[in-house]
Amino acid sequence: MKSSVIVEIVGLKTNDCSPFPCDENRTCGLEGCYLSGKLVDAFNELKKVLHETYGNRVELSLTLIDEGAPAHIKAIIERDYPPIPLVLVNGRVTKIGRITLDRIKAEIEKDL
């Protein structure tokens, strides 16, 4: 087990956070980005919630690929064709394909 986890969210600046519409049911588990449905807003809310839950044991980064993707992201896309937004946990492709709190926390717990 590791003492910290790195979560990297990868997508386009104008992407939605999920293929599902943002609605009052909050099935994603996040509240502060409600009605936006945008990746950047959902990332900011996810970062806030995960910091409240895990403190400094979880580090989040957002990689926007509008202007091009870093080499490690290009390699993942070419190899795995994962859904976007892409959620990496300690470099591991999760295949979640959306910003959803419970599924991301489950992946984090595997490494804590």
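These legends describe close-up views of a predicted model. In this predicted model, local features need pLDDT of at least 70, side-chain atom pairs count only at pLDDT 80 or more, and totals for chains, interfaces and linings use all residues. Residues are numbered from 1 along each chain as its sequence is written, and side-chain values use heavy atoms, with hydrogens and water left out.

**View 1. The cysteines C28 and C33 are in no disulfide.**
The structure holds 0 disulfides. A disulfide is a pair of cysteine sulfur atoms within 2.5 Å. For C28, the nearest cysteine sulfur is that of C33, 5.4 Å away. C28 is buried, with a relative accessible area of 12%. C33 is buried too, at 6%. Buried means under 20% relative accessible area, exposed over 50%, and partly exposed in between (1.4 Å probe, protein chains only).

**View 2. T63 sits in strand β2.**
This strand covers residues 58-64. Strands (E, at least two residues) and helices (H or I, at least four) are DSSP runs, numbered from the N terminus. T63 has 13% relative accessibility, so T63 counts as buried. Contact means heavy atoms within 4.5 Å. Beyond its neighbours within four places in sequence, T63 is in contact with E8, I9, V10, G11, P70 and I73.

**View 3. T100 lies in a loop.**
The loop runs between β4 (92-93) and α3 (101-111). T100 counts as buried, at 0% relative accessibility. Its side chain makes a polar contact with the side chain of D102 (3.0 Å). A polar contact is a pair of N or O atoms within 3.5 Å; within protein, one must be able to donate a hydrogen and the other to accept it, and residues adjacent in sequence count only if both atoms are side-chain atoms. T100 also touches T27 and C28, leaving out residues up to four places away in sequence.
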